[in-house]
Amino acid sequence: MKKWKCTICGYVFEGDNPPEKCPLCCVGPEFFKLIEEATDNSNISDEEKSAAKKAIYKMSYGMYIITSHKEGKVNGQACNTAFQITSDPMRVAIGINKNNLTGEYILASGTFAINILGKDSHPLIRRFGYRSGREFDKFEGISYNLGSTGCPLLEGVLGYLECRVIPEKVVDCGTHRLFVADVVSGKLLSDEEPMTYDYYRKTK
């Protein structure tokens, strides 16, 4: 696999050839430059991959809806890569696929909200996790409020954190970007037990 970088907006695409159109700035493939061969786990046997996956599924993850906004529009996605970095200052990080619309909104606004899910949140995960916001309005019929950052805060969740991205701490991780951010607002709405990725996989 190869990595191609848009010379206009900096978007990075992985594939044998550049995309027909940049998903961020919409320029054609002629504006993409080959930057490097993408590293992956291709040298690992299928048996080793299967064994590693069984182990990695035992790592502890939560389940969240990450929301953001851009030019008056809102979007969100299901996510299991959100975690605390430091407690003082309050700082968190999330991992978002570069092709996801929510990541585009985070890059544009510099903000996102982490909506913390309870064990009965399967409908929200199906709503925000199975289709792209490019195809339909994920928030149609969903109750939410806009926080101080302009990010949607869903009703019926256990709590939320509003976050402001630290620009110099956005990390290119290949297929994903890691956004490190300061927590600027938050609230615990319910002390119920949160949903974990393991619980979600066993009950979806």
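Biologist: Which residues of the largest nonpolar core touch the most other members?

Modeller: A nonpolar core is a set of buried Ala, Val, Leu, Ile, Met, Phe, Trp, Tyr and Cys residues joined through side-chain atoms within 4.5 Å. Buried means under 20% relative accessible area, exposed over 50%, and partly exposed in between, with a 1.4 Å probe and protein chains only. Here the core has 15 residues, and Ile 66, Ile 94, Ile 106, Phe 112 and Ile 114 touch the most other members. At least two residues of this core come from each of β4, β7, β8, β11 and β12; strands are DSSP runs (E, at least two residues) and helices likewise (H or I, at least four), numbered from the N terminus. A second, separate core of 13 residues includes Ile 65, Leu 154, Val 157 and Tyr 197.

Biologist: What do the model and numbering rest on?

Modeller: This is a predicted model, where local features need pLDDT of at least 70, side-chain atom pairs count only at pLDDT 80 or more, and totals for chains, interfaces and linings use all residues. Residues are numbered from 1 along each chain as its sequence is written, and side-chain values use heavy atoms, leaving out hydrogens and water.

Biologist: How many aromatic pairs does a search of the whole structure find?

Modeller: Rings of Phe, Tyr and Trp (its six-membered ring) pair if their centres lie within 6.5 Å; planes under 30 degrees apart count as stacked, over 60 as edge-to-face and the rest as tilted. The search finds three. Tyr 61 and Tyr 197 have ring centres 5.7 Å apart and planes at 85°, so this pair is edge-to-face. At 23% relative accessibility, Tyr 61 counts as partly exposed.
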